[in-house]
Amino acid sequence: MVFPRRAWEQEISRIAQITMADFRIQFLPDDRAAVVEEGTNLLTAARAADVYVGAICGGEGICGKCRVIVREGEVEGESTEFLTRDEIRRGYVLACQVVPKSDLVVEVPPESRLGGYQEIGRDSERFRDFAHRGVERPQTEIDPLVEKYPLALPEPTLEDAAGDQERVLAAVAKKRPGALQMGLKITRELPRLLRMRREGRSSWSWVWDGRITATVGSRGDVDEILLAEKGDTSDRNFGVALDVGTTTVVGHLVDLTTGITREAAAKYNSQLKFGADVINRINHARQPGGAEELHRSIIEDVETLIDELTRRAKVGRGDISCVVAAGNTTMLHFLLGLEADLIRLAPFVPAATKLPPFRAAELGVRIHPRGLLYTLPMVGSYVGGDIMAGILASGIYRSDKLSLLLDIGTNGEVVLGNKEFLVACSASAGPAFEGGSISCGMRATSGAIDTVRIFRHELTVSATTIDGAPPVGMCGTGLIDALAQMFLAGVVDRSGCFQIDRAPDRFRTNGEDGRPQFLLVSAKESGSDRDVMISQADVENLIRTKGAIYAAADSLVQSVGISFDEIQRVYIAGGFGNRLDISSCIAVGLLPDVPTERVRFIGNASVAGTKMVMRSRRRFEQVREICDQITYQELIVDPSYMEKFTSACFLPHTDLQRFPTVAEKLEAHAGGKR
Ligand code: FES
């Protein structure tokens, strides 16, 4: 039979549909399912079922984080590299490396779960950390980016017959001087808002009221009347401050009348499905439809957070007049749907760094239909709005004290300076401190080990976990602690090599790569059925990560001709949580060896700075001015950076004289106090 071309294509597609099987994949413990075509890997199936599985490498098969257990059914594919023989026997596979051969029941074990929505209860330590402690100082004067003005306008007379629009603009200008505009929609509504209709027997007439509330938003050089409402609604004006992190998206609901934070919530960045770091995600954006997927994914996260914040605060979405977002440059590009590809290519040019506010509705963020979305300015491709917020929140831009600000995340950003100058750089630290690229690493969620103590004499280990849950892995604070404790106990040497003789009973030699692993918690005591270990490769990875951050700071310090001793204040920002042990950070050489009282952990400085901007137009101007004054130092053009990095890839550093307190501890241990 001869088919015409179109019919022939239809026939091929029909045959393909007959021969291509669909499989139902059920994911436990969420009990969610997706029906996928034959050949679809389990990671994609999990995304389709809205189940989050760790995918640090974005499905390349090189991170080993997408472990799942096939409970029923058959799969095809190779995933032996990251799994022990015993695990394979028990049904473990890497989700990105296998495809179904039948319907399946698949369990996502705790260490692979990303979780979905993460609440920050009002009474929790994290909420206090976000909302009240540290950097968020009370702001007595509130002049928010979007403000409501209740007006009582005098009735027009023959002597004063100015138009309604001019009357409103003049009244607002008295309270908020400067250029002001009003769109056609509001101008059309004004006559009815300012008057009431009085019904007569055969007709009706206008009766002057004159009481309205004007909502005015800053749009750069000009202010705009965004909304006019009857009566006094000035007590219903809210804003959402967002920190769009590579791993976590945090939202705070702020009452713009009082400046008080009403609610806080956080959720994992759904873009994690596409890879852990910005480069993986930019690579995903290069795929057909990838950029749109990334944009939609972050907008959905913002929407989920706003849903939760408004539900808990019993506030209508229409009462939210603005959203202000900070984030690294790539995240803000994805949020706004800007081209991000050039960020990863020399000379690393972002699409834009200082953007005017947009209508939130234009981006699919449902607040008041005319509400605005602002973004903090970015210095360059790798120093984004989050670090600008951190500079504002830490106050280093107006301090006499020479200060160092380290924002430790997947992308480590470092700022050095005071009120006279600011220099900034960014180091690709990697996701190790967020649990990525570490065999038993996980983010700071329930069951993550967050503190570790190793008793030097008997070499026993004690650990605490988040929520006190049975341990299933280690988060950043736990990893830093573990490394410091292993080093000080002599379990690893200064180059990071395991000293097996020191504790032969605590070492296993059946690591994924055949190299030894140090046992922290045995499978019997853990919350999963596997040991919580730190491998030789993990130690090397952690050392590289801390080395990158220290070397970046070292490079900045040297560029201005000073030494770490001269730094009067060190601010650490990031999502570490309150259990971050400063002395452990110094012991491993993540922080310079300055007196611990000079070090301040300021938590999520990004969201704190964003709220400062939202509450104050002056601050918004100020942050843009500060952005212009920052000198950005590109580390790849610093010829000494590699040498600094190599020297920092030791515990704590090749030059022990830089770390006198650590040298003292080591000497004390060597002197028999071990
Ligand atoms: S190995 Fe599967 S996502 Fe990395």
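This is a predicted model: local features need pLDDT of at least 70, side-chain atom pairs count only at pLDDT 80 or more; totals for chains, interfaces and linings use all residues.
**View 1. A salt bridge between Glu 189 and Lys 185 within helix 6**. The closest N and O atoms of Glu 189 and Lys 185 are 3.0 Å apart, and the two residues form a salt bridge. Both residues belong to helix 6, which spans residues 184-194, and they are separated by four residues, or about one turn of the helix. Glu 189 has a relative accessibility of 30% and therefore counts as partly exposed, and Lys 185, with a relative accessible area of 47%, is likewise partly exposed.

**View 2. A salt bridge between Arg 317 and Asp 307**. The side chains of these two residues meet with an N to O distance of 2.8 Å. The pair links distant parts of the chain, with Asp 307 in helix 8 (290-313) and Arg 317 in the loop between that helix and strand 18 (320-327), ten residues apart. Arg 317 is classed as buried because its relative accessible area, 15%, falls under the 20% limit, whereas Asp 307, at 40% relative accessibility, counts as partly exposed.

**View 3. A salt bridge between Arg 508 and Asp 531**. Here the side chains of Arg 508 and Asp 531 meet at 3.6 Å, N to O. This pair, too, links distant parts of the chain: Arg 508 lies in strand 27 (residues 507-508), while Asp 531 is found in the loop between strand 28 (517-521) and strand 29 (532-535), 23 residues apart. Arg 508 is partly exposed, with a relative accessible area of 26%, and Asp 531 is also partly exposed, its relative accessible area being 21%.

**View 4. A network of salt bridges involving four residues, Glu 147, Arg 176, Asp 223 and Arg 617**. Salt bridges link these four residues, two of them arginines, Arg 176 and Arg 617, and the others the acidic residues Glu 147 and Asp 223. For the model as a whole, the count of salt bridges comes to 36.

**View 5. Ile 636 in the loop between strand 32 and helix 16**. The loop that holds Ile 636 runs between strand 32 (631-632) and helix 16 (641-648). Ile 636 is classed as exposed because its relative accessible area is 64%, and exposed residues are those over 50%. Ile 636 and Gln 181 are separated by 455 residues in sequence and, from C-alpha to C-alpha, by 46 Å in space.

Conventions. Residues are numbered from 1 along each chain as its sequence is written. Side-chain values use heavy atoms; hydrogens and water are left out. Helices (H or I, at least four residues) and strands (E, at least two) are DSSP runs, numbered from the N terminus. Buried means under 20% relative accessible area, exposed over 50%, partly exposed in between (1.4 Å probe, protein chains only).
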